[in-house]
Amino acid sequence: MNPAVGLVAFLAVSITTAVIGFYGLRISRTTGDFYVASRTVPPWWNASAIGGEYLSAASFLGVAGLILLSGTDALWFPVGYTAGYLMLLLFVAAPLRRSGAYTIPDFTEARLDSRMVRRVTSLVVVAVGWLYIVPQLHGAALTIRITTGLPSWVGSTAVVLVVCVTVVAGGMRSITFVQAFQYWLKLTALAVPVIFVLLVLAGNDTPHQAQLPVNPTGQPATSAYQNISLMVALLFGTLGLPHVLVRFYTNPDGQSARRTTLIVLGLLSVFYLFPTLSGAVGRIFAPELAQSGQADALVLLLPGKLVGGTAGELLSALVVAGAFAAFLSTTSGLVVSLSGVISQDLFGGSVRGFRLAALLAAVVPLGFAFTTDTLALAGSVGLVFAFTASTICPVLLLGIWWRGLTDAGAIAGMVTGALLCGGAMVIGTVMGQGNAPAWLAQPAAWTVPAAFAVTVAVSVWTKNRVPASVNRVMSRLHVPERPVATER
Amino acid sequence: MTRVRVTAPRQSAKPVPLRFPYGGEVPEDSDVGRVFVRSLIRSQLRLALVVACGFLLILAAFAMLLVFGPGVAETRILGIPLDWLLLGLGIYPVIGLSAWLYNRAAARNEARYRDLVEDK
């Protein structure tokens, strides 16, 4: 691929992101604007922004790569990523919006009336955020290396720089605009090349005989345990992601939080058709990428390979732009929510503190990214979901629906989940991918139930610690707001 | 226009008392109000669990069909294998439909609660 193509695409996305960020800066005036966009973001904008933030390197590059590698087994990934939002809608969306919490630590502190719970939750949230940023930076490193031939560190460093500039300058308002724009950019960048490739293939005669081969890459099929464990991680991990909660605060009320989530589900469903298509096309026409360990680059290489010429270069540029939109949007979403947490707990919540915290939130994972390497983006993001599902999910779900939750139970559950799931991740990494047994490689199926069980057991055991405010908080979470326009 | 400095929400200062979102009524102050809130929460939880279990059952049925269904991998519609169609396309409308039905029912539960409180 022509190196200039990748560079131009990357620069275009970065500059657009920065411009929208600065445009946001001009209208970002008040405290409310800076933190939560004054809750005036309309549902469509907000839904696009949620979609933009959620569709990460794993969705843009990883899903197609994994489908190329393992076929129908990998189709569970996009299903899980989407269905996770269904679970979020059912159990979390409206109550969380009504809680008035801006971050997950805000929520647990208000619900359980305990500073200690707040601190533990903050630690877990920061761990989740950092873990989740690392694969984005790996994706950026891969993209830069494949498309321009520059060393890997250029890609990850560039992403961190652009994110820091936009977040530090604009805060949340501009981020919402940036994210919404990036959802549509990502959708276009995947859809247009795939459709073009399909048209070109339909124009030739030979591919009419081409059929989806059963197993062109020779990958062993994943076991039923692995698929179930993956679904547990994705279904219950989504609702605890820190950057998702921040988005819900920008809805005016609980009802609109539900409406926004419904739109998000539609946007995600449409989006995931295209990585699936890319993966299927790759399985027919480019199975050799799987053998050479470049599966995650499938989306990037497909247009140049199957279309070629100037059209192929233009399409490649579009895909590279979309890929960087994915890294930038997810990373900046995470950095915003992490800075919210870090600045409130460390810097007392001033704007300057928020900016310092943003730097801290972005630079630490860059260090991780330099020292680690990953084989499959979708897989490593799947592990982060497992970690979230084993730590934050039990506290959120039980906190919203069960009066009996206590601060001791919440802390015990989070610590258990973090130790079990984190331990499995570390041991699995040390043993190396492919060598670790399935229960270590995909731990959610046992760590999530364990975390729930410990949370409930310790809460029941420490019944006398149920906060006095529980009735007040529960009705705040569930009672509908007064309708904005009163009908009667 | 002057720039306003952000101060932390309920952190350094004493927490602002949670304002009750519904009108002036404070349901937890009366026994009847508490009963209403409890029944609202229970009906919302039941609804969420029913939709979640229904969806998970359908998901399990899809998985079963893929593993045990006779000739699913060989059946082709317009040249595309049935298992790809089911998992890559067919499941998304199920997710959307579950979400839409849930939203309607949840809004209905809340409307019923509002009516109860206003009739009181």
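Residues are numbered from 1 along each chain as its sequence is written, with chains lettered from A and ligands numbered from 1 in the order in which they are written. The model is predicted: local features need pLDDT of at least 70, side-chain atom pairs count only at pLDDT 80 or more, and totals for chains, interfaces and linings use all residues.

Q: At what angle do the axes of α7(A) and α8(A) cross?
A: Axes are lines fitted to C-alpha atoms, for helices over the stretch in contact, and angles run from 0 to 180 degrees between N-to-C directions. Helices are DSSP runs (H or I, at least four residues), numbered from the N terminus. Here α7 (residues 104–112) and α8 (residues 115–148) of chain A come within 8 Å and cross at roughly 160°. That makes the pair roughly antiparallel (over 145 degrees).

Q: What span does helix α1 of chain B reach?
A: The expected span is 1.5 Å times one less than the number of residues. α1(B), residues 31–68, has 38 residues and reaches 54 Å from first C-alpha to last, close to the 56 Å expected.

Q: Is Ala386(A) buried or exposed?
A: A residue is buried if 20 or more other C-beta atoms, placed from the backbone, lie within 10 Å of its own, and exposed if 12 or fewer. Ala386(A) has 28 such neighbours, so it counts as buried. Ala386(A) lies in α17 (residues 377–401) of chain A.

Q: Which residues of α1(B) are buried?
A: Among them are Phe36(B), Leu40(B) and Phe55(B).

Notes:
Helix = DSSP H or I, 4+ residues; strand = E, 2+ residues; numbered from the N terminus. Parallel < 35°, antiparallel > 145°, perpendicular 65-115°, else oblique.
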